[in-house]
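Let's take a friendly look at this protein together. Here are its sequence and structure, followed by a short report.

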Amino acid sequence: MARSQRYTDEMLLGELLACAKRIGRSPTMRDFSQDAQARPHPQTLVARFGGWNRAKRRAGLVARRFATRAELLQQLRDLGAELGRTPTGADLERRRMSMPSKSLYWQTFGSFGSALRAAGFDVPGAKERSGRAVEEGVRLAKKLGRSPTFGDWVRARARDPRLPSEWQVYRLFGGRKGAWSAFLGRVEGRPAERASGPLRERPRARRAPRAARGTSDAPPARARRGEASP
């Protein structure tokens, strides 16, 4: 009996899914061949299903590099329907086994926002997004009783993924030294009736020596990786 006939279709697809679970992403042929727990040879799946990406699609995994534009857009629509909102980059990262990477959307559509628009989602422009960020900043500042820090914003976004990331806010307000301060200036400068009362001023912290402070108010590098929204 030929080697490829020792496995049923269900067994082969199960092996593929098990490999994806072990490595935490949709596997390439190299990943599968290097997985010591994967029993079939990857060519067995290629021969059975007519191609590696066809096998992955049958298993419900994303065919990363060779997904068509239509497939990429449909996956965004399906994810949006599941979430009940516009998907973010962080949503894609959390679904690495079943969704393409954000970088693939960038490469295919020019930007993640363009991909979302092509999929039919309402994606606001920079001016509208900055205005929304200020509104969210006012609400968060009111709740905290002070101006929000990067850490405050990270924690708020963990509770509500619809918020832009702190790095996105930073980019909306210049993307360089002083950008976060410019954002806070907008937050603190809102009319009192819009903010439902003035913000309490934060106690002034003692300044650390220059060598310890650093020279930029940019978000930490780890906050910039894995950009989460359009």
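This is a predicted model: local features need pLDDT of at least 70, side-chain atom pairs count only at pLDDT 80 or more; totals for chains, interfaces and linings use all residues.

Trp-153 belongs to helix H10 (residues 150–159) and Trp-180 to helix H12 (residues 179–188), so the pair ties together parts that lie 27 residues apart in sequence. Both tryptophans belong to one aromatic cluster, formed by Phe-150, Trp-153, Phe-173, Trp-180 and Phe-183.

## Another aromatic pair

A search of the whole structure turns up nine aromatic pairs. In one of them, Phe-32 and Trp-52 have ring centres 5.5 Å apart and planes at 65°, so they too meet edge-to-face. Phe-32 sits in helix H2 (residues 29–34) and Trp-52 in helix H4 (residues 52–58), so this pair ties together parts 20 residues apart in sequence. Phe-32 is buried at 1% relative accessibility, and Trp-52 is buried at 9%.

## Where H5 meets H7

How do helix H5 (residues 69–83) and helix H7 (residues 102–109) cross? Their axes come within 11 Å and cross at roughly 130°, so the two helices are oblique to each other. The crossing of H5 past H7 is left-handed.

On the H5 side, the contact is made by Arg-69, Leu-72, Leu-73, Gln-75 and Leu-76, while H7 brings Leu-104, Tyr-105, Thr-108 and Phe-109. These contact residues divide into six nonpolar, two polar and one charged.

Terms used
Residues are numbered from 1 along each chain as its sequence is written. Side-chain values use heavy atoms; hydrogens and water are left out. Axes are lines fitted to C-alpha atoms, for helices over the stretch in contact, and angles run from 0 to 180 degrees between N-to-C directions. Helices (H or I, at least four residues) and strands (E, at least two) are DSSP runs, numbered from the N terminus. Angles under 35 degrees count as roughly parallel, over 145 as roughly antiparallel, 65 to 115 as roughly perpendicular and the rest as oblique. A crossing is left-handed if the near helix is turned anticlockwise from the far one by less than a right angle, and right-handed if clockwise. Contact means heavy atoms within 4.5 Å. Ala, Val, Leu, Ile, Met, Phe, Trp, Tyr, Cys and Pro count as nonpolar, Asp, Glu, Lys and Arg as charged, and the others, Gly among them, as polar. Rings of Phe, Tyr and Trp (its six-membered ring) pair if their centres lie within 6.5 Å; planes under 30 degrees apart count as stacked, over 60 as edge-to-face and the rest as tilted. Buried means under 20% relative accessible area, exposed over 50%, partly exposed in between (1.4 Å probe, protein chains only).
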